[in-house]
Amino acid sequence: MFSKALLRFPASINPAYKINQSGRLAAPIVPAARYRATATRSFSTTPSANDDTNGNGGLKKRLLQRPSAIAQRLPDPDVEHGPHRLREFELDGRVFIVTGGAQGLGLTLAEALVEAGGHVYCLDRQEKPQQSFYDTQERLAHRYEGTLHYRQVDVQCAKQLDDVVAAIATEHQRLDGLIANAGIQHVCDAIEYKPDDVMKMMAINFGGVFFSAQSCARQMIKYNIPGSMVLIGSMSGLIANRGLRTVVYNASKAAVIQSARSLAMEWGKIVETEDGMKPIRVNTLSPGNIMTPMVQANFDEEPHLKKMWEDGNMLGRLSEMREFRGAALFLLSDASSFMTGGNLVIDGGYTAW
Ligand SMILES: NC(=O)c1ccc[n+]([C@@H]2O[C@H](COP(=O)([O-])OP(=O)(O)OC[C@H]3O[C@@H](n4cnc5c(N)ncnc54)[C@H](O)[C@@H]3O)[C@@H](O)[C@H]2O)c1
């Protein structure tokens, strides 16, 4: 039996552990196949996991080439209360997709996942990401074990999305999570709204989120990896924003919030593992007003909106992008293992008056 203790002991005992540049003890990044050699043997409680007597040997063999679902998803009770703090928030070695990650909220959330140890791929329709992406990539490269990457993808194109997400999953032999964040906004009087603009908004804000979830779920199922998805909704999917004429945007965000519930229901037990059927969890994160390039564009066109929105919530200010980092990490990590079909509203109290 492989010793559990070896996983816990520091660099002096387990040479796979390294002291990183910030002086922290860093757990090794373990590719799926190697991970199995430690994690599966340490945590598996199924004595017949290796035998072929039930005629399901092919599946078991494939599963044994991947980290055990228990090792991936549940804190080891022995170390849960050890000196290693809040282990359930760690993302070491896991692989994530963040759409709309060339700038703004998507990039900020991607950065948080890398800091927690994830390998994060930002997908965006821009040919190249903004300079802030490269600055973030450079900063992270010197401090953390996770990595940040970029791929050009238009989320309206289901085939392109499928190909890119499949290639990423194949490279890592796994996919663990998605933040479906790509979105647009269009301010227009309802009475003037053009049919093409309605279709475009729904194609990106709803279609793009749905296709992203679909592509990622296919890979999670293929590689037997229970996963977690965060669909970026908005408080605008729950209420009408004071003074903002965005009827179709608001409807698209309501569609996102509703689709998370339906996907959570369909995917509650969808991933085959050696410990039975496991979920792809799906939740929505619904922010209030955030200072991002999208919102700056609103203020450039209608400056009076800034004060109106600040006064609209209980904290009397707009939020900053970094105030959503913790929520994204919570929703994508084992810390939220019993949460699915939910909508986490973070709006400074705007919808709670
Ligand atoms: N800023 C806010 O106050 C606020 C509030 C609630 C929700 N949101 C939501 O947060 C998300 C991010 O918004 P943001 O404020 O950072 O906006 P942003 O415009 O700064 O970023 C959106 C990103 O999505 C990308 N994108 C747009 N269409 C795409 C497509 N078809 N394919 C691939 N990428 C595409 C853009 O290129 C951009 O990089 C959006 O879904 C938005 O609706 C924003």
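The ligand is surrounded by 28 residues, a residue counting as near a molecule when its C-beta atom, placed from the backbone, lies within 6 Å of it. Gly100, Gly104, Gly183, Thr292 and Met294 are the closest of these. The structure described here is a predicted model, in which local features need pLDDT of at least 70, side-chain atom pairs count only at pLDDT 80 or more, and totals for chains, interfaces and linings use all residues. Residues are numbered from 1 along each chain as its sequence is written.

By type, the shell around the ligand holds twelve nonpolar, 13 polar and three charged residues; here Ala, Val, Leu, Ile, Met, Phe, Trp, Tyr, Cys and Pro count as nonpolar, Asp, Glu, Lys and Arg as charged, and the others, Gly among them, as polar. At least two residues of this shell come from each of α6 (104–115), α9 (195–222) and α11 (293–301). Helices (H or I, at least four residues) and strands (E, at least two) are DSSP runs, numbered from the N terminus. The protein has 13 helices and eleven strands.

Eleven of the twelve residues of α6 are buried, so the helix is largely enclosed by the rest of the structure. A residue is buried if 20 or more other C-beta atoms lie within 10 Å of its own, exposed if 12 or fewer, and partly exposed in between, with C-beta atoms placed from the backbone. Among the buried residues of α6 are Gly104, Thr108 and Glu111. Just after α6, glycine 117 takes a positive phi of about 110°. Across the protein, buried residues make up 39% of the 353 residues.

Next come the strands. Strand β3 (residues 95–99) pairs with β4 (residues 119–124) in the parallel sense over five bridges, where pairing requires that DSSP finds at least two bridges between two strands. Within this pair, isoleucine 97 has tyrosine 121 of β4 as its bridge partner. β3 also pairs with β6 (residues 177–180) in the parallel sense, over three bridges, and here valine 98 is partnered by isoleucine 179. β6 in turn runs parallel to β7 (residues 227–232), with four bridges joining them; alanine 180 is bridged to leucine 231 of β7. In β3, Val95, Ile97 and Thr99 point one way and Phe96 and Val98 the other, and all are buried. Both faces of β6 are likewise covered, by Gly177 and Ile179 on one side and Leu178 and Ala180 on the other.

The largest nonpolar core has 63 residues, of which Leu113, Cys122, Ala213, Leu231 and Ala328 touch the most other members. Such a core is a set of buried Ala, Val, Leu, Ile, Met, Phe, Trp, Tyr and Cys residues joined through C-beta atoms within 7 Å. Leaving aside neighbours within four places in sequence, cysteine 122 is in contact with residues including Val98, Gly106, Ala110 and Tyr150, contact meaning C-beta atoms, placed from the backbone, within 7 Å.

Phenylalanine 324 lies in the loop between α12 (304–312) and α13 (325–332). With 21 C-beta neighbours inside 10 Å, phenylalanine 324 counts as buried. The C-alpha atoms of phenylalanine 324 and threonine 108 are separated by 8.4 Å, although the two are 216 residues apart along the chain.

Conventions:
Two residues are in contact if their C-beta atoms, placed from the backbone, lie within 7 Å.
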